[in-house]
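Here is a short tour of one chain for anyone who likes to see how residues sit against each other. Have a look at the display first, then read on.

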Amino acid sequence: MVELYLNAKLHSCITEDAYRSVLTLKDLDDQDLKLRSDLLKQVDNGSIRLT
């Protein structure tokens with residue numbers, strides 16, 4: 001999750017497949033939940049775009 005998040009932040013984009021995988025991740029710890037929440041918010045507001 002951390003690597004995926006950092007790549008999305010670095011490139012300001014995430015692939016649709018990676019985005020879908022983030023949506024279906026289960027059993028995340030607190031840090032991963034925060035990263036996922038932040039990533040989803042940034043995709044929603046357009047800071048990170050889907051490719």
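## The model

Please keep in mind that this is a predicted model.

Let us begin with helix α2, which spans residues 16-24. Its residues Ala18, Tyr19 and Val22 are buried. These three cover an arc of only 100 degrees around the axis, so they sit on the same side of α2. As a reminder, an α-helix has 3.6 residues a turn, so residues three or four places apart point the same way.

Turn to the other side of α2, and you will find Asp17 and Thr24 exposed. What do the buried residues of α2 pack against? Their partners are α1 (2-11), β1 (13-14), α3 and β2 (49-50).

## Gln42 in helix α3

Helix α3 covers residues 30-45, and Gln42 is part of it. Is Gln42 buried or exposed? Its relative accessibility is 11%, so Gln42 counts as buried, the cut-off for buried being under 20%.

Leaving aside neighbours within four places in sequence, Gln42 is in contact with Tyr5 and Lys9, and also with Ser47 and Ile48.

## Arg49 in strand β2

Strand β2 holds Arg49. Not counting residues up to four places away in sequence, Arg49 touches Ser12, Cys13 and Ile14.

Finally, here is a distance to check in your viewer: 13 Å separates the C-alpha atoms of Arg49 and Asp17, two residues that are 32 residues apart along the chain.

Note on methods
Residues are numbered from 1 along each chain as its sequence is written. This is a predicted model: local features need pLDDT of at least 70, side-chain atom pairs count only at pLDDT 80 or more; totals for chains, interfaces and linings use all residues. Side-chain values use heavy atoms; hydrogens and water are left out. Helices (H or I, at least four residues) and strands (E, at least two) are DSSP runs, numbered from the N terminus. Buried means under 20% relative accessible area, exposed over 50%, partly exposed in between (1.4 Å probe, protein chains only). Contact means heavy atoms within 4.5 Å. The arc is that of the directions from the helix axis to the C-beta atoms.
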